[in-house]
Every structure is written in structure tokens, then in C-alpha cells.
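My notes follow, in the order I looked things up.

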Amino acid sequence: MTIEMKIDGPETVNRTDDMAQGVLGRDSARPDGLAKATGRATYAAEAHPEGMLHGVLRRAPGIGAVRCPNLEAVRAMPGVRAVLRDARMVRNAAQGMADEAPVQGVDEAAYVGQPIALVVAETFEQARHAAQRLEVAIERTDLPIDPDAVEPEVPEAKQSSQGDLDAAMRNAALTIDADYTTSSMNSAAMEPHAAVAEWDGTTLTLRGALQMLRFNRNELADSVGLSAEHVRILAPYVGGGFGSKLGISADCVAAALAAMELGQPVRVVQHRRNVFEVNTRRSETRQRIRLAADADGRLIGLGHEALVSNLPEETFAEPVVQASHFAYPGAARTLGIRIARIHRPAAGSVRAPGEAVGVTASEVAMDELAYAAGVDPVELRLRNIPEEDPERGVPFSSHRLKAALLDGAERFGWSGRPMAPRQRREGEWWIGTGMAAAFRVNMVVEAQARIRLHGAGAVVETDMTDIGTGSYAIFQQVAAELLGLPLAQTEVRLGDTALPPGSGSGGSVGAASTGTAVWLAAMELRRQIAARLGCDEAELTLKDGTATAGNTRQDLADILSGAELTGTGHVKPGDAAEKVRQATYGAHFAEVAVNDVTGEVRMRRMQGTFSAGRILNRRTARSQCHGGMIWGIGMALTETMTHDRRDGHVVNRDLAEYHVPVNADVPPLDVHLLEERDPWAGPMQAKGIGELGICGAAGAILNAIHHACGARLRDFPATPDRVL
Ligand code: MOS
């Protein structure tokens with residue numbers, strides 16, 4: 001009843017392009033769209049179970065030992081049912097993708113903003129008022145908060161070196177050796193983190209804003225001391241995650257502990273300031289990039305070494321140099337990550353962890369090399385496409401950078417661009433264009449999905465989430481394609497740990513990994529239908545609700561005759577990742593205007609060409625690329641989380657002061673998808689596209705700023721003070 005598959009070679013299953021119904025791949029609307037647009041899709045905080053109490057988190061105003069001198073007085077306030085200071089409610093690592101995470105406790109605040117109490121009351125207003133009245137005394141300790149002021153850890157496993165880069169730098173005709181910096185960033189998802197917990201004495205049910213349910217269930221179970229089978233998490237709709245909802249968060253654990261203690265449902269919603277202080281941020285980075293090239297701009301050596309930060313004992317380190325392992329050639333290579341242990345909020349994954357900031361800096365460095373060599377920036381990239389993985393010597397599963405560069409340059413109208421900066425002026429504005437390559441690793445992770453086929457259609461079931469990315473639409477298409485059913489008769493149920501465990505939404509793995517599980521489940525159903533028809537699966541055609549094999553043709557409903565067939569798919573990573581290097585590629589082009597008087601940068605147009613295997617839904621894939629490019633605008637121009645120099649607290653902890661691009665900041669965006677089949681990506685031959693669009697996007701904008709006005713920025717974002 002289950003097809004299980006390990007991805008460890010090309011074409012492990014027959015390709016099914018030839019049985020195409022034309023459903024998979026096409027521009028298909030989200031089946032969840034109407035419910036979302038009309039407010040009928042309920043998010044975590046919108047659940048109102050009978051007798052629900054309200055919890056408000058109190059955050060630490062400083063770093064150090066915490067005391068609450070008026071705790072008993074607050075407990076006696078009107079409507080207050082409990083003030084929890086349970087050590088388990090604060091997890092140091094809100095990181096996810098791990099079964100366990102270190103517990104930090106509430107007696108020591110490791111960073112400003114760390115939750116140290118949950119106040120629960122009958123109304124939200126009572127809870128908020130009591131939380132504000134709770135006095136918090138901090139015995140301040142002087143722990144480091146500046147990443148440049150501490151001796152960083154140098155984890156052995158995160159360093160790699162081949163050849164002699166110092167010698168390559170000495171002998172090279174052209175060299176670049178520069179430091180680039182990026183800021184702390186916030187995921188800034190539209191839906192704040194929120195949880196509603198219910199406890200019936202046996203089972204804990206939590207509605208949460210979470211990305212990775214099968215991990216989150218274990219994290220929550222571990223946090224509150226239950227076994228996982230007594231924990232159910234529901235997250236059918238999630239209003240964006242961008243990494244900040246990968247791991248279980250303080251609101252979830254605190255709500256669960258309170259519900260279990262009080263025997264009543266408890267809701268905890270993090271307000272926007274919490275979102276910025278309590279949940280994971282992207283680490284600021286300092287990146288030293290060294291490029292050694294011959295006189296034609298061909299790389300012979302490459303160095304990319306990054307300093308990132310996190311709290312002590314956190315396992316995550318922003319993988320800044322991830323793409324530098326395979327993006328460009330060069331026999332001499334030195335790559336590494338160092339970690340400064342500091343007391344700012346925990347650092348975790350934020351939209352394309354690694355490449356988003358790493359490729360941005362390295363693509364600016366490549367632009368600097370293009371200018372040093374006097375070679376057109378597109379041509380410089382074309383000269384530096386490696387034949388095989390430059391570090392491991394294994395082949396690429398596919399490599400579409402050249403195609404993306406040429407397609408993008410053609411559509412953008414790149415040819416004939418004057419190389420020199422400051423060539424085009426309109427009034428006060430310098431106009432310039434820039435480009436960058438896009439790289440993002442690709443992987444398949446373990447995922448399961450089930451399809452139940454009955455007379456009226458099919459139901460796809462998995463605990464996979466849809467965080468706005470289009471999971472509902474894609475899985476509907478996969479199942480409808482393989483089962484020959486109309487989309488309207490193919491229902492998708494997501495976001496419930498009672499369903500088979502999917503991949504979760506993170507690292508761009510969702511569509512390809514859980515999609516493959518749905519694919520395998522449908523293949524298993526095809527096998528069962530063929531058996532009922534008495535034919536070979538290869539002869540079977542399923543179309544418009546009928547099954548045809550040779551001269552036999554029958555309605556699916558008749559074949560089922562009232563029964564329900566169930567097929568389960570289970571995909572696991574095999575050793576494909578050891579045999580080939582698999583990634584997705586793209587090219588960004590940008591045109592900007594830079595005000596000569598104020599230093600303001602306005603986007604004029606942006607274009608991206610992306611290649612990420614088979615495209616499952618043109619609309620949702622394009623939408624992901626649009627989103628990535630828009631985040632690129634934020635990263636290039638405005639986004640920066642400012643930490644106070646004295647205690648590291650987040651100064652700009654709301655969307656009024658932490659600037660993400662809004663409509664007026666975003667120019668016309670043109671996205672082109674270069675369809676391909678990557679046989680190493682499993683039977684569906686699709687790869688992740690979610691995070692590709694942001695990788696390098698900011699680099700194209702920063703390079704366009706240089707072309708416009710001549711300012712070569714190495715500290716991002718390009719705020720007016722830096723541009724002038
Ligand atoms: Mo993503 S930053 O792995 O949600």
C-alpha cells in the first residue's frame with residue numbers, strides 16, 4: 001500500500017511526461033485562495049475554543065539574573081489565573097528541524113526581550129495589564145553583544161581549504177580582497193507567531209503558526225514532557241514563515257504549559273515587538289572575499305570566509321559560504337564560517353539561509369573583478385562556469401547558469417551597456433544597470449503523503465504546511481495529473497500531525513519532497529487500479545475520471561464500486577547528493593536610479609530568469625520568484641535590524657522602523673522560468689524554487705548602484721548615507 005523510494009540515482013522510475021493531462025505545470029489558482037481572500041481560512045490565533053483564557057508573554061528588559069518581586073501581587077490581580085515562570089517555556093534554540101532543543105529557562109535572560117513569564121487571565125486586556133504591572137528586576141551581567149568584540153569560535157567542520165590561496169593571490173594577474181558586511185534581519189512574516197493550546201487530560205492539541213509540523217510535534221512533546229503521540233499540532237494556514245516558524249516558539253510552549261496547568265484552553269499571540277525580539281533573526285555577517293584571476297578574469301583561486309553570530313550553545317550558524325563551494329572554479333579555495341558567541345536574540349534561518357547574504361556579497365565581488373578585468377559582467381560569469389563541482393570533482397546533476405545568463409541578458413536588453421559608471425543621467429538621477437548570478441543548493445528530504453481515492457474523487461493528506469507558497473495548489477495538481485481527475489475533485493488536506501508526516505516548509509524542499517511523496521502515493525493507486533482492471537500499470541490511462549487499458553474502458557467510480565483505495569508515498573534521501581552536485585540557478589538584472597543630491601535609490605525595473613527543474617505550477621513558482629526579488633530589494637536598500645550598542649536590544653522592532661519593501665518600492669518585475677528535467681531530483685524531476693529568487697537579487701541592485709553613480713558599496717543595505 002506504500003511505495004517507498006530513495007533518491008540515489010537518475011531516472012529511478014519511468015518518466016511520466018507522456019501521460020500528461022496538462023494539469024501539472026500549468027498556471028493553476030490556489031484552491032485555498034478564496035477562503036483566504038474572504039477571511040474564512042482560520043489562522044492559529046483565530047481559534048476560539050470554549051472557555052479560552054488569554055496569555056501574554058513578559059520579556060526581559062536586560063541581560064542577567066531575573067527576579068519578579070511583585071509576582072504574588074500580580075497573581076492576585078483581577079481576572080489573573082496564573083503567572084507562569086516555568087523554565088521549560090523558553091527554548092534557546094527556536095531552530096526546528098531537530099527533535100530536541102536546549103531549554104534556556106526564565107531565571108537568566110540571555111538577551112534583551114527573552115520571555116521570562118506568561119501571565120494568563122480571563123480577558124486579553126486583563127492579561128496584558130497584569131503583564132505590564134509585573135516588575136522585572138535584572139541583576140545585570142556584562143555579556144558580549146558585539147560580534148566584532150569577541151574571539152570567535154572556529155568550528156573545524158565548517159572550514160575547508162584546497163590548494164594554496166595565498167600563493168594564488170600573489171601570482172594572480174588580477175585580485176580582489178575585500179570585506180563585505182550585512183545586517184541582522186528579521187523574517188517579518190505578516191502573521192505574528194501565535195498559539196492556542198487545549199489539554200483534555202491525555203492529548204495536547206495546539207493550533208500554531210509553524211512551518212515544520214513533524215519536528216515541531218516532537219519539540220513540543222519534549223518541552224512539556226509528553227510523548228509525541230499525545231501531541232497534535234494543527235496549522236492548516238500559515239501567514240508566512242521565512243524561517244522564523246521553523247522551530248517551536250515560546251508562545252506555543254507557554255500556551256501548552258498553561259493549558260495543562262489550568263485545564264482550560266489558552267491563547268498566546270506574540271505582538272509585533274515580540275516577533276522582532278523573541279523569534280530568530282538572521283545573523284549579521286562580515287565576509288572576507290578573495291578572488292584570484294588570470295588577466296582574462298578566469299578564477300584560479302577563491303576565498304570566502306564569514307563571521308556570523310549566535311547565542312552560546314546554539315547549533316545554527318548562517319551558512320554564508322554554501323554556494324561558494326560550487327558556484328565558481330579555482331583550484332585554490334579557502335572557505336569557512338566563524339561564530340561569535342554574543343547575547344543578541346538567537347540567530348536562525350531566514351529566507352535562503354546562507355546564499356541570500358553570501359551570494360549577494362560574492363556577486364558584488366565578481367562585479368568588482370569584472371571591472372578590474374575590463375570584462376563585461378555577464379561575460380565574466382560565462383568564463384567562470386565550472387565543468388564539474390570544483391571542490392568535490394563530482395558532476396553537476398544539471399547546470400543551467402549559462403542558459404539563465406543568456407536568457408536574462410537578452411530579455412533585459414543588456415548588450416551594448418556601456419561598461420563605465422556615471423554614463424546616464426536624468427535630472428538629479430543617475431541611472432545604471434547591474435546583474436548577478438543566482439545559486440541555491442537543492443535537496444530532497446524525507447516526506448510521506450497519503451491519497452484516498454473514492455467514488456467522488458481523491459483526498460491528499462499530509463502534515464505538510466502551506467506558508468503561502470502554494471502547497472495546496474501543487475499537490476492538487478500532482479494528484480490530479482497522475483489520477484486523471486479534475487482539479488475540483490481533488491481535495492488537499494494539510495497542516496495536521498494526525499496525517500502522514502511530510503517534509504515541512506523550509507529550505508525550499510517542500511514542493512519537490514512532499515510533492516514526490518504525493519506522486520508516489522498516486523503511483524501506488526495506479527497500481528491498485530490496474531490490478532482491479534486486470535491490466536499492466538504501464539498500459540493504464542487515467543483521464544477525466546475513467547480508466548482505459550487496451551480495449552477496456554471503465555469509470556473510476558465503477559472500478560471502485562463503493563470501496564475506497566488508499567495509496568501512500570514515502571520518499572527518502574538516498575546517496576544522490578554524494579554522486580552529483582545538485583543546485584538551482586538563475587540570473588538577476590536590475591535598473592536603478594540614484595539621486596545625486598539625496599543618495600536615495602529607486603528601483604526602475606528588475607528581471608530574473610530561473611531554472612529549478614520541472615515547474616509544477618507556473619503561477620505559484622513565479623510568485624515565489626517575485627517574492628524573492630522583492631526581499632532582494634529590501635536586503636539591498638532598507639532592511640537592517642539595529643542592535644543597541646549597550647545591551648544588544650532591537651531598536652527598530654516593528655514594521656514602521658524595520659523597512660521591508662512595500663508596493664511603492666517595487667518596480668515592474670519580470671520573471672522567466674527555464675523549464676528543465678533534472679533526473680537526479682526524483683521521479684518528478686522538480687527542484688526547490690522557493691528561495692532561489694532572493695539569492696543574488698540584492699547583488700544585482702548593488703552592482704546597478706555602482707554603475708549608476710560610481711559608489712561601490714560593501715556594507716549593506718545601501719542607505720542614502722552610504723550611497724552619498
Ligand atoms: Mo526557510 S528560511 O528554511 O523557512
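Predicted model: local features only at pLDDT ≥ 70, side-chain atom pairs only at ≥ 80, totals over all residues.

Next I checked the spacing.

Then I looked at where the two meet. I count 23 residues of domain 1 in contact with 21 residues of domain 2.

Which helices supply at least two residues each to the side of domain 1 that touches domain 2? I found helix H11 (471-483) and helix H12 (510-533). H12 gives the largest share of that side, with five residues.

I also sorted the side of domain 1 that touches domain 2 by class. I got 11 nonpolar, nine polar and three charged residues.

Separate entry, on strands. I traced an open sheet of three strands, ordered E5-E3-E7, with antiparallel pairing. Its edge strands are E5 (108-109) and E7 (137-140), and each of them pairs on one side only.

How many bridges join strand E3 to E7? I noted four, with E3 spanning residues 64-67 and the two strands running antiparallel. For a landmark in that pairing, I marked valine 66, which sits opposite isoleucine 138 in E7.

Page summary for myself: 23 residues of domain 1 meet 21 of domain 2, H12 supplies the largest share of the domain 1 side, and the sheet order is E5-E3-E7.

How values were computed: Residues numbered from 1 in each chain as written. Pairing = 2+ DSSP bridges. Contact = placed C-beta atoms within 7 Å. Nonpolar A, V, L, I, M, F, W, Y, C, P; charged D, E, K, R; others polar.
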